[in-house]
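Me: I'm new to this one and would like to get to know it by asking a few things. Can you walk me through it?

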Amino acid sequence: MRSFEVGESIARRDVHRSGRVWSEQALRVIDDTDQALITACAPGAQVRWPALYARARAEDDRSVRTEAFDALATGEWQLADAVWQETELVLWKPPETWFSVNAFYIPDEERDGGRRLRNWYVNFERPAIRNPGGFDTFDLAVDLLVAPDLTSWHWKDEDEYAHLRRLGVITDTEHHAVNAARGQALAMIAQHTGVFADAERWAVWRWDPAWPAPTWV
């Protein structure tokens, strides 16, 4: 599979084992190396989410997120078009890893028009499978929320991970892979390796104003 060009728009897709797309997000390529595919997202980017998940976000209702996961287990969901809002995002997807590392940036109230790193976010997911328009993976629910300076962290959505385990959406094989990946991610944070070796440089990253928000059409 070819390398992606810097500035190219691609799509990250969550694809269920049935082959159906669960979600889709347009990203713009920052770099594509042997170490990681690095992409970025900005407000206005094209996304598609399950309709129930979109409703849960709009209403800030976690019970509706549970309904969305129940629909995932039965294979009965519909996608809703949306746009990415509020945050800028950089996403690192190393090859063959069961997670991606994400950095979220928000407006800096002390600097007019400025941005600051809100947090790091390790998203546990299947290894990437590339395609001509981007890559496919599948979000495995549990996440690791990390402070900007890497001095503290906590687990997120353990309850949803357990629910998806009970539903059979996350298999035993995937569960074992996630457990191993948890240790790998924690070691990277503690040792400042991988993307975290350049944490200070990425903390001041800014979206290239010459780039429009990414789309896949």
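Predicted model: local features only at pLDDT ≥ 70, side-chain atom pairs only at ≥ 80, totals over all residues.

Me: Is leucine 150 buried or exposed?
Reply: Leucine 150 sits in the loop between β11 and β12 (153-156). Its relative accessibility is 9%. The cut-off for buried is under 20%, so leucine 150 counts as buried.

Me: What is phi of leucine 150 near?
Reply: As a rule, most residues other than glycine have a negative phi. Leucine 150 isn't a glycine, yet its phi is positive. The value is near 70°.

Me: And which strand does alanine 141 lie in?
Reply: Alanine 141 also has a positive phi, about 80°, although it is not a glycine. At 10% relative accessibility it counts as buried. Its place is in a strand that covers residues 139-146, namely β11.

Me: What is the relative accessible area of threonine 39?
Reply: Threonine 39 belongs to strand β3, residues 37-41. Setting aside neighbours within four places in sequence, its contacts include Ile10, Leu27, Ile30 and Leu89. Threonine 39 is buried, and its relative accessible area is 0%.

Me: Which residue in β3 is the bridge partner of valine 29?
Reply: Strand β2 (residues 21-32) pairs with β3 in the antiparallel sense, over four bridges. A hairpin through four residues joins the two strands. Within that pairing, valine 29 has as its bridge partner threonine 39.

Me: Which residue in β6 is the bridge partner of alanine 40?
Reply: β3 also pairs with strand β6 (residues 88-93), again antiparallel, over five bridges. In β6, alanine 40 has as its partner valine 90.
That makes β3 a strand with pairings to β2 and to β6, and the residue you asked for is valine 90.

Me: How far apart in space are threonine 39 and serine 100?
Reply: Along the sequence, threonine 39 and serine 100 are 61 residues apart. In space, going from C-alpha to C-alpha, the separation is 11 Å.

Me: Which residue's backbone nitrogen does the side chain of glutamine 46 reach?
Reply: Glutamine 46 has its place in strand β4, residues 46-50. It is buried, with a relative accessible area of 17%. Its side chain comes to 3.1 Å from the backbone nitrogen of tryptophan 216.

Me: Now the open spaces. What volume does the largest pocket have?
Reply: Rolling a probe the size of a water molecule over the atoms shows where empty space is left. For the largest pocket, the volume is about 1300 Å³. Of its 44 lining residues, the closest to the centre are Trp49, Tyr53, Arg57, Arg65 and Trp84. By class the lining has 20 nonpolar, eight polar and 16 charged residues, and the volume you wanted is about 1300 Å³.

Me: How many nonpolar residues line the second largest pocket?
Reply: The second largest pocket has a volume of about 220 Å³. Of the 14 residues lining it, Gln35, Ala36, Trp92, Gly194 and Val195 are the closest to its centre. By class, the lining has three polar and three charged residues, and the nonpolar count is eight.

Note on methods:
Residues numbered from 1 in each chain as written. Heavy atoms only, no water. 1 Å grid on protein atoms, 1.4 Å probe; cavity = no way out; pocket = protein on both sides within 12 Å on 5 of 7 lines; lining within 4 Å. Points joined across faces, edges and corners; volume = space filled by probe spheres on them. Nonpolar A, V, L, I, M, F, W, Y, C, P; charged D, E, K, R; others polar. Buried < 20%, exposed > 50% of the residue type's maximum accessible area, 1.4 Å probe, protein only. Contact = heavy atoms within 4.5 Å. Polar contact = N/O pair within 3.5 Å; in protein donor to acceptor, adjacent residues only side chain to side chain. Pairing = 2+ DSSP bridges.
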